[in-house]
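Work through the exercises below with the sequence and coordinates at hand. Each task is followed by a solution in steps.

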Amino acid sequence: MTTRTKKTRTKSSPKRRLLPTDRFAYSAIAERAPLKLPDGARMAVWIVVNIEEWDFNEPMPRTVLTPPAGGSPIPDVPNWAWHEYGNRVGFWRFVELFDEFAIPAVLAINGSAIAAYPPIVSAAVQRKWEFMGHGFTQRNMQKVKNEREDIRKVRDAIIKASGKPPRGWLGPGLTETWETPDLLVEEGYDYVADWVLDDQPVWLKTRTKPILNLPYTQECNDVAMMLIQHHSASEYRDRALDQFEQIYADSARSARIIALSIHPYIMGVPHRLKYLRRIFEVIRNKSDVKFWTGGEIADWYRATGPKAP
């Protein structure tokens, strides 16, 4: 009589989540070795312009007008049109302003927006602005069915539009999953800006090789100020210059990075643009402050900052 060996099945263990404290160690900025920028500069400023396509068949990501009966109507004509104004009109005010002050912008763009707004893409390419991935559509990354595919589609759309793969990534609403930094590295990105926790770049560990996180901003972001906190237009100027003044003072010993985040449908509207202009007028008078792109900041830090762990 033969006996049959019973095969035992073992469940495959799930991937371990990398918590924030797994990705980087705590570091007090006052205890780090000083960072030096080239040409005697002490600060670098990068300006992130967010270009999004809002799906007319979905609830709007943001609203300026509450429907009379409440809820999230579809179609939502007034709120879709409010956002669309930014891409039709507000963006072109940004273009004139950046040209006037010779400032290189970073375009955080939805992959779908590249096909939707060819003149915006063309204007950015002509000015050699940097393209940064911003989700294929404007939605929470935790609601994307296949995150890797989404990240890859953004990369491919940017390559087709600009001739170069994107180096950086900014999640829509800074949203990530537990895997986002890992997937970004695996799909060819080398920096991210979702982790707003420092005034200097920070290395994040992933399951393969580290990715660099660049200083970004939540509070000098026009979405936070105008749409969530409901400040007057002048608050953007006041807060940005107050933040700049303090970080400039901090940079006396070691270089610092400051980011400003703007959207065409917010700071590009008529009653707010002059406050954005004033920020540039003040900062441009500082000879020891550089306006850089994210890629330039990443290159500098990789060359002169602490090496990746």
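Rings of Phe, Tyr and Trp (its six-membered ring) form an aromatic pair if their centres lie within 6.5 Å; planes under 30 degrees apart count as stacked, over 60 as edge-to-face and the rest as tilted. The model is a predicted one, in which local features need pLDDT of at least 70 and side-chain atom pairs count only at pLDDT 80 or more, while totals for chains, interfaces and linings use all residues. Residues are numbered from 1 along each chain as its sequence is written, and side-chain values use heavy atoms, without hydrogens and water.

**Exercise 1. Classify the ring pair of Phe98 and Phe280.**

Step 1. The structure holds 19 aromatic pairs.
Step 2. For Phe98 and Phe280 the ring centres are 5.6 Å apart and the planes stand at 50°, so the pair is tilted.
Step 3. Phe98 belongs to helix 2 (residues 77-101) and Phe280 to helix 9 (residues 273-283), so the pair ties together parts 182 residues apart in sequence. Helices (H or I, at least four residues) and strands (E, at least two) are DSSP runs, numbered from the N terminus.
Step 4. Buried means under 20% relative accessible area, exposed over 50%, and partly exposed in between (1.4 Å probe, protein chains only). Phe98 is buried at 1%, and Phe280 is buried at 0%.
Step 5. Ring pairs link both residues into a cluster that also holds Phe91, Trp92, Phe94, Phe101, Trp129 and Phe291.

**Exercise 2. Which charged side chains sit over the ring of Tyr248?**

Step 1. A charge sits over a ring if NZ of Lys or CZ of Arg is within 6 Å of the ring centre and within 35 degrees of the ring normal.
Step 2. Arg42 lies over the face of Tyr248, at 3.9 Å from the ring centre.
Step 3. The charged end of Lys286 is also over this ring, 4.4 Å from its centre.

**Exercise 3. Describe the burial and pairing of strand 8.**

Step 1. In strand 8 (residues 256-262), 7 of the 7 residues are buried.
Step 2. Arg256, Ile258, Leu260 and Ile262 point one way, while Ile257, Ala259 and Ser261 point the other way.
Step 3. Two strands pair if DSSP finds at least two bridges between them. Strand 1 (residues 43-51) runs parallel to strand 8 over 7 bridges, with Trp46 opposite Ala259.
Step 4. Strand 2 (residues 105-109) and strand 3 pair in the parallel sense too, over 4 bridges; there Leu107 has Phe131 as its bridge partner.
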